[in-house]
Amino acid sequence: MIKSLPVILFIFAGCQSESVNINSEGTKKDYTQFVNPFIGTSKMGHVFPGATAPFGMVQLSPQTNWQVMFDTEQNYNPETYEYCAGYQYKDSTILGFSHTNLSGTGHSDLGDFLVMPTTGNINLEPLKNADGTKGFYSKFSHKKESASPGYYAVDLDSYGIKAELTTSDRVGFHQYTFPKSDSAHIILDMVYNVYHHNDKNVWTFIRVENDSTVVGYRQTRGWAKTRKVYFAMKFSKPFLSYGHKKYDKARYNGFYGRFNEGENFPEMAGRDIRAYFNFNTEDGEKIAMKFALSSVSTNGALNNLQTEIPHWRFEQTQQETKEKWNKELSKIEVETLTKGDKINFYTSIYHASLSPIIYEDVDGQYMGLDQNIHTSDGFTNYTVFSLWDTYRALHPLYNIVQPSRNNDMIKSMLAHQEQSVHHMLPIWSHYANENWCMIGYHSVSVIADALAKGVGDFDVQRALKASEQTAKVPYFDGLDYYMQFKYIPDDKSHSAVSKTLEYAYDDWCIAQIAVKAMNKTVEKEFTNRSEYYNNVFNKEIKYMAPRMADGTFRKNFDPLDTYGQGFIEGNAWNYGLYVPHQLNKMINMMGGKEIFSLHLDSLFTMEIEDKYIENHEDITRDGMIGNYVHGNEPGHHIPYLYNWTNQPHKTQERVRMIMETMYQPKVDGLCGNDDAGQMSAWYIFSSLGFYPVTPGLPEYAIGSPLIKKATIHLENGKKLSIIAKNQSKTNVFVQKVLINGKTLKGLSLPHSAIANGGEIVFVMGRKPANI
């Protein structure tokens with residue numbers, strides 16, 4: 001069990017009016033009441049509690065600490081990892097509110113445009129001043145903090161200011177209630193970053209257009225090599241004066257030396273800048289601020305601002321965004337055994353709807369991978385593709401509940417490929433940058449799964465060409481060796497076994513795309529490549545294992561160790577079970593169904609020493625059951641593999657146990673990084689009773705549903721009802737499955753049974769049954 005901090009489970013905004021969504025019974029319901037944005041904000045979840053719209057460009061959220069990645073001797077600071085989303089529930093300080101945040105990732109970036117309201121003498125140091133006195137941060141209490149979808153509020157106790165935040169798709173809307181003061185300030189910190197390092201800011205620019213409008217941009221060099229974000233900021237009240245402090249020393253400043261640039265000068269430029277805007281306030285006076293983003297220009301940001309929020313009615317925007325969330329949340333209506341289960345389910349939908357994000361202005365313009373301005377044609381452009389994580393379950397989930405949006409995401413990937421100087425589909429991309437994180441080329445899985453399930457109107461021939469080109473870039477991550485040796489030699493490239501396994505699956509996906517494109521030549525080529533996983537299977541020890549360029553397997557190989565053994569964030573015991581496209585063959589290679597089932601039993605029950613996992617930030621005890629790591633993605637299919645043995649009831653038992661122990665409605669309720677929604681997507685699928693073990697096939701593995709009943713409102717207008725008869729905490733075993741009254745034979749649920757609507761009934765019982 002995961003130990004938790006004491007926490008109030010339901011922390012929701014109080015000043016909200018009731019939203020209306022019509023459910024299947026024709027009654028009005030507010031689904032946002034079942035979402036707790038604080039779930040996962042403690043420890044490993046790496047999610048943020050702030051305000052955002054579904055898939056919105058703005059993630060307006062509190063930042064509770066500032067960790068610099070490297071010390072003065074360039075040693076990595078491991079505490080940086082805790083703040084991938086800028087927030088940790090254990091903290092009692094707030095530095096301000098940033099407008100961009102990643103959700104659930106295991107590495108990070110962003111944190112753009114930190115805004116902080118203060119009173120008293122102007123103070124521009126966030127943590128502490130040179131003399132050791134307090135910086136501009138504020139103390140706060142969770143008792144005076146609340147969050148719900150599209151809304152966040154907190155009392156800044158150090159200043160007596162109440163902060164409230166909401167957003168539209170591209171605009172953050174701040175509302176600050178001040179005390180009486182003749183020295184009220186709003187600070188714009190252009191220095192602060194998530195995953196900050198001293199060279200991260202390349203350039204910042206601020207331009208004061210008038211006494212209430214400010215525009216600018218910042219360019220950074222972090223996880224994204226060259227990332228530029230523009231902004232436009234409007235205040236509801238004119239500021240009296242303003243100024244800034246520049247932290248970098250300009251070697252040459254031209255003739256600007258004739259001005260006092262630090263005060264009331266309308267241009268501010270430098271690498272590291274903090275600006276401030278001064279006000280007088282009455283007690284209880286509210287100052288609102290709208291802050292729009294654009295990847296294109298400050299004019300684009302101004303247009304986004306004026307188009308999306310042309311007024312100053314904070315509650316109206318809050319309510320509109322709440323209604324957007326209700327539209328997304330109500331796509332799946334559930335009845336659950338407990339209120340906690342319902343909170344987990346809808347919070348998972350919430351987390352699964354935070355990214356990828358819209359990445360274009362209201363006029364369709366966006367910054368492309370080639371750093372030129374493009375206009376989307378026939379699609380909405382998206383970014384933040386954490387594909388090593390999300391191809392497994394998040395994008396398959398979108399093929400059920402978000403098919404049009406997933407279609408746009410695939411078109412965004414194809415646009416990325418056209419703009420790529422490498423002619424590659426996204427690997428892990430964000431903000432017009434490829435960051436090359438993790439392994440594989442899993443865009444092809446997203447494409448193959450959409451085609452298998454009849455989703456999208458993207459050009460199949462174009463998709464095949466893009467996939468084929470991606471898989472043949474010789475200098476990408478050992479692909480030259482993969483094509484030469486038909487596996488990746490361990491003495492030529494790191495994580496060689498994991499790469500070989502994932503490339504083989506991706507190549508199978510390309511073969512499936514070729515089938516849809518009716519290209520026999522490419523189909524044959526990549527079907528052959530999809531067999532390369534065989535070449536890293538050591539028949540003597542019955543493990544996938546690192547193999548050298550001379551054809552021999554590495555000596556002194558430890559199948560338990562997760563570090564330096566040919567696997568990335570895993571070991572041979574768990575990551576070695578990754579052949580999703582040929583599971584029966586993999587099981588036979590490993591000794592057959594009975595032996596493989598025993599391997600799975602041992603995986604879930606064995607003890608593993610700390611020395612085997614201590615070198616990985618992403619593998620912790622919180623997310624482990626024996627040697628099974630649910631807190632990280634490579635093993636998410638493993639509990640379902642009993643379906644390919646003679647003991648499928650163990651899948652049902654394990655899946656229910658994982659849902660009960662690894663997901664809980666509290667701040668540390670996520671057992672690992674949510675990884676851009678993948679962890680949540682696993683829970684959603686598993687709660688419904690099935691899971692996409694092999695994206696690219698139009699079928700799902702049967703598990704054990706946690707819900708009592710679910711109604712999925714499909715985009716095609718049809719409805720699917722999923723009913724678990726005799727459901728209880730102890731009745732975890734599926735006795736039979738009925739599709740529209742007919743008994744399902746076997747353990748695979750066809751996608752057509754979902755897409756066509758109708759009724760799926762799981763008959764549950766206390767004892768295992770043959771189905």
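This is a predicted model: local features need pLDDT of at least 70, side-chain atom pairs count only at pLDDT 80 or more; totals for chains, interfaces and linings use all residues.
**Ground rules.** Side-chain values rest on heavy atoms, with hydrogens and water left out.

I looked up strand 7 (residues 145-148), taking helices (H or I, at least four residues) and strands (E, at least two) as DSSP runs numbered from the N terminus. E145 and A147 point one way from strand 7 and S146 and S148 the other way, and all of them are buried, where buried means under 20% relative accessible area, exposed over 50% and partly exposed in between, with a 1.4 Å probe and protein chains only. Strand 7 runs antiparallel to strand 8 (residues 151-156), and 4 bridges join them; two strands count as paired if DSSP finds at least two bridges between them. I noted V154 in strand 8 as the bridge partner of E145. The two strands form a hairpin with 2 residues between them, and G150 in the turn has a positive phi of about 85°.

**Entry 2, two helices.** Two packed helices are described by the angle between their axes and the distance between the axes. For helix 6 (residues 403-419) and helix 7 (residues 443-452) I found an angle of about 140° and axes 11 Å apart, which makes helix 6 oblique to helix 7. The axes are lines fitted to C-alpha atoms over the stretch in contact, with angles from 0 to 180 degrees between N-to-C directions; angles under 35 degrees count as roughly parallel, over 145 as roughly antiparallel, 65 to 115 as roughly perpendicular and the rest as oblique. In the contact, which means heavy atoms within 4.5 Å, N406, I410, M413 and L414 of helix 6 meet S443, V446, I447 and A450 of helix 7. By class I recorded 6 nonpolar, 2 polar and no charged residues there, with Ala, Val, Leu, Ile, Met, Phe, Trp, Tyr, Cys and Pro as nonpolar, Asp, Glu, Lys and Arg as charged, and the others, Gly among them, as polar.

Strand 31 (residues 699-702) pairs with strand 36 over 3 bridges, and A701 has S748 as its bridge partner. The sheet of 6 strands has the order 19-32-33-37-34-35 with mixed pairing, and strand 19 (332-336) and strand 35 (742-743) stand at its edges.

V629 lies in strand 29 (residues 628-629) and is buried, with a relative accessible area of 11%. Leaving out residues up to four places away in sequence, I found that V629 touches N574, I619, G623 and M624.

The peptide bond from S355 to P356 is cis, with omega near 0°, and P356 sits in the loop between helix 3 (339-351) and strand 20 (357-358). F55, a residue other than glycine, has a positive phi near 60° and counts as buried at 0% relative accessibility. D477 is not a glycine either, yet its phi is positive at about 45°, in the loop between helix 8 (460-470) and helix 9 (479-485).

Terms used: Residues are numbered from 1 along each chain as its sequence is written.
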